[in-house]
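Hi,

Here is the structure I promised to pass on.

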Amino acid sequence: SMSYTGNLAEGLLRAGTVAAAAGRTYWIADARPYAMHEVIDTVERLLEEFPFTSVQSALDFEALHAAAA
């Protein structure tokens, strides 16, 4: 399963701050499953468009993505 990182973060925050969530187990994922070829094709396309030369490049890309949302 895959999940948008923003949704994952929100789920973790809610699980950690809502009393009714204590001691429960949750599965956080997007509404639909992704075929492995979709994941690989997407990663390949993004790496071709935005080649990472360092960890800082990856962080810059994440910030750019968040700003565009």
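Let me start with a charged pair: Glu38 and Arg32 form a salt bridge, with their closest N and O atoms 3.0 Å apart. By salt bridge I mean a side-chain nitrogen of Lys or Arg within 4 Å of a carboxyl oxygen of Asp or Glu. The two side chains also make a polar contact at 3.0 Å, which is a pair of N or O atoms within 3.5 Å; within protein, one must be able to donate a hydrogen and the other to accept it, and residues adjacent in sequence count only if both atoms are side-chain atoms.

Before you read on, please keep in mind that this is a predicted model, where local features need pLDDT of at least 70 and side-chain atom pairs count only at pLDDT 80 or more, while totals for chains, interfaces and linings use all residues. Residues are numbered from 1 along each chain as its sequence is written, and side-chain values use heavy atoms, with hydrogens and water left out.

Back to that pair. Glu38 is partly exposed, with a relative accessible area of 27%, and Arg32 is partly exposed too, at 43%. The cut-offs are under 20% relative accessible area for buried, over 50% for exposed, and partly exposed in between (1.4 Å probe, protein chains only). Arg32 sits in the loop between α1 and α2 (36-49). Its C-alpha atom is 8.4 Å from that of Ser1, although 31 residues separate Arg32 and Ser1 along the chain.

As for the overall layout, there are 3 helices and 0 strands, in the order α-α-α along the sequence. Helices (H or I, at least four residues) and strands (E, at least two) are DSSP runs, numbered from the N terminus. Buried residues make up 1% of the 69 residues. The protein exposes about 5900 Å², and carbon and sulfur atoms supply 64% of that; accessible areas come from the Shrake-Rupley method with a 1.4 Å probe, and for residues only the protein chains shown count as cover.

How many salt bridges does the structure hold? There are 3. One joins the side chains of Glu10 and Arg14 (2.6 Å, N to O), which both lie in helix α1, 4 residues apart, or about one turn of the helix. Glu10 is partly exposed at 37%, whereas Arg14 counts as exposed at 52%. Another links Arg45 to Glu49, with the closest N and O atoms 3.1 Å apart. These two are 4 residues apart in helix α2, again about one turn, and partly exposed at 42% for Arg45 and 46% for Glu49.

There is also a nonpolar surface patch of about 350 Å², made by Leu8, Leu12, Tyr26 and Ile28. Patches use residues with over 30% relative accessible area and no salt bridge, joining like charges within 9 Å and nonpolar side chains (Val, Leu, Ile, Met, Phe, Trp, Tyr) within 5 Å. Leu12 lies in helix α1 (residues 5-17) and is exposed, at 54%.

Last item: the helix that gives most to the largest pocket. That is α2, whose 7 residues are the largest share of the lining.
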